Amino acid sequence: MILRAQSIKKSFSVGRRKLPVVKDVDIYVKKGENVSIVGESGAGKTTLVHCLSLLEEYDGGKIYFKEKPIDRKNIHVLRSGVQMVFQNFSASLDPRMNIKEAMAEPLRIKRFPLSYIEERVKEVVDIVHLPRHVLMRKKSGLSGGELQRVAIARALISSPELVIFDEATSALDTSTQAIILNLLIDLKMKFSLSYLFVTHDLTLANFITDRIYVMYRGRIIEEAPTEELFRYPLHPYTMLLKKGIFGCMMQVREGNSEDGCEFYPFCRWATKECGEHLPSLQKVNDKHFVRCFLYRR
Ligand SMILES: Nc1ncnc2c1ncn2[C@@H]1O[C@H](COP(=O)(O)OP(=O)(O)OP(=O)(O)O)[C@@H](O)[C@H]1O
Ligand SMILES: [Mg+2]
């Protein structure tokens with residue numbers, strides 16, 4: 001097991017109210033596995049992976065890296081083992097920096113010798129099949145696909161074991177996306193990497209991942225191997241997500257349920273109980289779990 005997180009909780013303060021964004025999330029990625037978290041905009045996916053990579057402080061829960069509990073004393077273990085490719089990578093780059101400086105930054109922060117950094121930058125540029133001359137350019141001189149390769153190279157530079165991609169390819173056109181995904185598959189084999197993808201694109205999740213978590217309003221509502229999830233989606237929300245019609249979902253009953261299932265207002269199978277109590281993740285088989293009373297045994 002590379003990464004395991006238990007009961008991760010995160011709220012943001014909005015005025016005087018606390019807005020829970022990540023609610024008791026359990027998640028794991030095994031060595032060599034490709035996992036994705038899918039869900040609509042605002043589901044809490046980015047917040048969750050920021051907690052997992054310690055970019056964001058979480059309010060509760062526990063994170064284990066290779067089964068070692070992560071605490072203040074050994075944060076560096078996770079920081080070097082897990083790297084993120086950000087949702088808005090290009091925006092995070094300083095427009096004045098050239099690509100070489102941007103790529104070298106993670107190593108400079110860790111005070112690696114300059115000669116090592118120099119060599120390592122060239123190495124990762126070759127690994128992601130970028131011509132070395134891009135190193136002297138600024139981000140404005142690169143295409144979307146090239147910038148994505150820079151983002152991947154920058155993540156790989158500190159030799160992580162798990163790379164988390166937050167909507168990393170969603171801004172690219174389909175053919176560039178396919179080229180990048182094939183590159184990722186290639187790199188995974190070469191460097192025994194594990195990947196965690198965050199996406200609202202089910203096609204991408206289907207193409208690249210072994211197992212999927214479906215997240216809805218801060219909670220994991222279904223987990224299954226990719227093939228099974230596509231063939232037999234069980235949660236009413238996952239069924240809609242698969243059909244691609246979640247964006248125009250109509251509310252079917254009054255009220256939001258504070259204590260019940262988050263999907264209660266939209267679910268045509270909901271009963272009174274669904275509005276009052278939160279279903280636990282029901283085990284359907286060894287690998288398929290769903291948070292819905294419809295599947296209670
Ligand atoms: N710093 C913050 N302060 C207050 N609210 C926040 C903050 N960051 C995120 N949120 C809120 O948390 C919720 C989840 O946001 P998050 O970015 O994690 O969603 P997401 O699933 O990644 O969405 P998308 O697919 O659009 O990237 C949203 O309602 C968002 O407005
Ligand atoms: Mg996001």
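Me: Angles under 35 degrees count as roughly parallel, over 145 as roughly antiparallel, 65 to 115 as roughly perpendicular and the rest as oblique. This is a predicted model, in which local features need pLDDT of at least 70, side-chain atom pairs count only at pLDDT 80 or more, and totals for chains, interfaces and linings use all residues. Residues are numbered from 1 along each chain as its sequence is written, while chains are lettered from A and ligands numbered from 1 in the order in which they are written. How do H4 and H6 lie to each other, roughly parallel or roughly antiparallel?

Reply: Helices (H or I, at least four residues) and strands (E, at least two) are DSSP runs, numbered from the N terminus. Axes are lines fitted to C-alpha atoms, for helices over the stretch in contact, and angles run from 0 to 180 degrees between N-to-C directions. Helix H4 packs on helix H6 (residues 144-156) at about 30°, with the axes 8 Å apart. H4 and H6 are therefore roughly parallel.

Me: Which residues of H6 make the contact with H4?

Reply: Contact requires C-beta atoms, placed from the backbone, within 7 Å. H4 brings Ile99, Ala102, Met103 and Pro106. On the H6 side stand Val150, Ala153 and Arg154.

Me: How many residues in the contact of H4 with H6 are charged?

Reply: Ala, Val, Leu, Ile, Met, Phe, Trp, Tyr, Cys and Pro count as nonpolar, Asp, Glu, Lys and Arg as charged, and the others, Gly among them, as polar. The contact of H4 with H6 has 6 nonpolar residues and no polar ones. The charged count is 1.

Me: What is H4 to H5, oblique or roughly parallel?

Reply: The axes of H4 (residues 99-109) and H5 (residues 114-127) come within 10 Å. They cross at roughly 120°. That makes H4 to H5 oblique.

Me: Which element gives the largest share of the shell around ligand 1?

Reply: A residue is near a molecule if its C-beta atom, placed from the backbone, lies within 6 Å of it. Of the 13 residues around ligand 1, Phe12, Ser41, Lys45, Thr46 and Thr47 come nearest. Strand S1 (3-14) and helix H1 (45-52) each give two or more residues to the shell. The largest share, 3 residues, comes from H1.

Me: How many residues of H1 are buried?

Reply: Buried means 20 or more other C-beta atoms within 10 Å of a residue's own, exposed 12 or fewer, and partly exposed in between, with C-beta atoms placed from the backbone. Lys45, His50 and Cys51 are among the buried residues of H1. H1 is mostly covered, and its buried count is 8 of 8.

Me: What is Ser7, exposed or partly exposed?

Reply: Ser7 lies in strand S1. Its phi is positive, about 50°, although Ser7 is not a glycine. With 13 other C-beta atoms within 10 Å, Ser7 is partly exposed.

Me: What does Glu67 count as, buried or exposed?

Reply: Glu67 sits in the loop between strand S4 (60-65) and strand S5 (68-69). Glu67 is not a glycine, yet has a positive phi of about 70°. With 9 C-beta neighbours inside 10 Å, Glu67 counts as exposed.

Terms used: Two residues are in contact if their C-beta atoms, placed from the backbone, lie within 7 Å.
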